[in-house]
Each structure stands twice: as structure tokens, then as C-alpha cells.
Amino acid sequence: MNEKRKDYISWDEYFMGVARLSGMRSKDPNSQVGACIVSQDNKILSMGYNGFPMGCSDDEFPWARSGDELDTKYLYVVHSELNAILNYRGGSLEGAKLYVSLFPCNECAKAIIQSGIKTVVYDDDKYHDLPSTVASRRMLDAAGVRYYKYERTGRKIELMV
């Protein structure tokens, strides 16, 4: 019998797995967010994770979440979605799909819309009620960007490296 495997992972499992794996590159002690952008024919176009811009040492800039605003990470960190968009060197992202481990903030929503991404698949929405996330959904809705929550399968995917 030459039948194909039946327990292979779905496209959503695959790309969310890549997004989550990308997030593991983040040096942020609190949030490891990853993103993966794919074409309409399921080819990976770009990936990103939350971290400082190139040339800004993650040993010299702050990782703190509270304190004086200039001494916290928030003014310096590039979110995973924006990193993935900026990392893409292949031309247009028109019609692409973005997999991200955390629902995009309003600033990332602007970049998503402007880049032409048409679908966002997110895993966590822990900031659902924050004004930045409410604004994000308003803009995504107005621009016709579809978004949906990733449905976890409970499958454990393990890598031995």
C-alpha cells in the first residue's frame, strides 16, 4: 500500500509553528512574539520577532516594562509583525497572510494594511480590550483585512536540535 501519511500538520499549524519558533529568537525577558508572512500559495515570504532595530545593541537598550519611559523597552522595540514586513525583500506583500503569536497593536495594524496583507491569523489576544488593540481591529475592519484566531489542535510538535 502506498498511501500518504494522514497525520501531517495543517498549513495553519505549520505557519503558526514557524511564527512561534521565530518568537523564540526574541531576547525580551517577558514577551516572545513571532510572525510569519506567507504568500497566497503557501510559501514563506518573511519572518520576524520582537527586538531592537539593527545596530541597537540588546545589551545597551532597556528591557524593563516599567519606570521612566526612556528606560523601558516600549520606545525601542520593533514588533514582530513590523520586523517581518521590513525584513521582506521580494517586492509586494499584496494578498499575503500574516501568522502572529499575539494580536497586532494599532501601529502594526497600520503597517499590515499599508503593506497589502489581507489576512491575519493570531494565536493570543491577551490585550483585547486595550485601546491600541481596539483601534487595531477598527482599522483592520475598515480596510477589509480579515483576521481570525488560530485554533489550537493540541498537537505537540517537538524539535531536537
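This is a predicted model: local features need pLDDT of at least 70, side-chain atom pairs count only at pLDDT 80 or more; totals for chains, interfaces and linings use all residues.

Let's begin with empty space. Rolling a probe the size of a water molecule over the atoms shows where empty space is left. The largest pocket holds about 610 Å³ of space. It is lined by 21 residues, and the closest to its centre are Met16, Gly17, Arg20, Leu21 and Ile157. Helix α1 (residues 11-23) gives the largest share of this lining, with eight residues. Sorted by class, the lining of the largest pocket has nine nonpolar, six polar and six charged residues.

The second largest pocket has a volume of about 510 Å³. Its lining is made up of 20 residues, and Ser31, Tyr74, His79, Leu102 and Tyr127 are the closest to its centre. Two helices, α2 (80-87) and α4 (131-142), each supply at least two residues of the lining of this second pocket. Here the classes come to nine nonpolar, six polar and five charged residues.

## The nonpolar cores

Now for the inside. Which residues have the most contacts inside the largest nonpolar core? They are Ile37, Ile85, Leu93, Leu98, Val100, Ile112 and Ile117, in a core of 20 residues. Several elements each supply at least two residues of this core: β1 (34-38), α2, β3 (97-102), α3 (106-115) and β4 (119-124).

Setting aside residues up to four places away in sequence, Ile117 touches Ile37, Ile85, Leu93, Ala96, Lys97, Leu98, Ile112 and Val145. There is also a second, separate core of nine residues, with Met16, Ala19, Cys36 and Tyr150 among them.

## A covered helix

Helix α2 deserves a look of its own. Its buried residues are Ser80, Glu81, Asn83, Ala84 and Ile85. What covers these buried residues of α2 includes β1, β2 (44-49), β3 and α3.

## Aromatic rings

The whole structure contains nine aromatic pairs. One of them joins Phe103 and Tyr122 in an edge-to-face arrangement, with 4.8 Å from centre to centre and 85° between the planes. Why does this pair tie together parts that are 19 residues apart in sequence? The reason is that Phe103 lies in the loop between β3 and α3, while Tyr122 sits in strand β4.

Phe103 has a relative accessibility of 6%, so it counts as buried, and Tyr122 counts as buried because its relative accessibility is 10%. Elsewhere, ring pairs link Trp11, Tyr14, Phe15 and Tyr99 into a cluster.

Is Thr133 buried or exposed? Thr133 is buried, because its relative accessible area is 4% and the cut-off for buried is under 20%. This residue lies in helix α4. Apart from neighbours within four places in sequence, Thr133 is in contact with Phe103, Asp125, Tyr127 and His128.

Finally, find Asn42 in the loop between β1 and β2. Most residues other than glycine have a negative phi. Asn42 has a positive value, with phi near 65°. With 25% relative accessibility, Asn42 counts as partly exposed.

Technical notes:
Residues are numbered from 1 along each chain as its sequence is written. Side-chain values use heavy atoms; hydrogens and water are left out. On a 1 Å grid over the protein atoms alone, a cavity is a set of points where a 1.4 Å probe fits but cannot get out, and a pocket is an open set with protein on both sides within 12 Å along at least five of seven lines; lining residues have an atom within 4 Å of a point. Grid points are joined across faces, edges and corners, and a volume is the space filled by probe spheres set on the points. Helices (H or I, at least four residues) and strands (E, at least two) are DSSP runs, numbered from the N terminus. Ala, Val, Leu, Ile, Met, Phe, Trp, Tyr, Cys and Pro count as nonpolar, Asp, Glu, Lys and Arg as charged, and the others, Gly among them, as polar. A nonpolar core is a set of buried Ala, Val, Leu, Ile, Met, Phe, Trp, Tyr and Cys residues joined through side-chain atoms within 4.5 Å. Buried means under 20% relative accessible area, exposed over 50%, partly exposed in between (1.4 Å probe, protein chains only). Contact means heavy atoms within 4.5 Å. Rings of Phe, Tyr and Trp (its six-membered ring) pair if their centres lie within 6.5 Å; planes under 30 degrees apart count as stacked, over 60 as edge-to-face and the rest as tilted.
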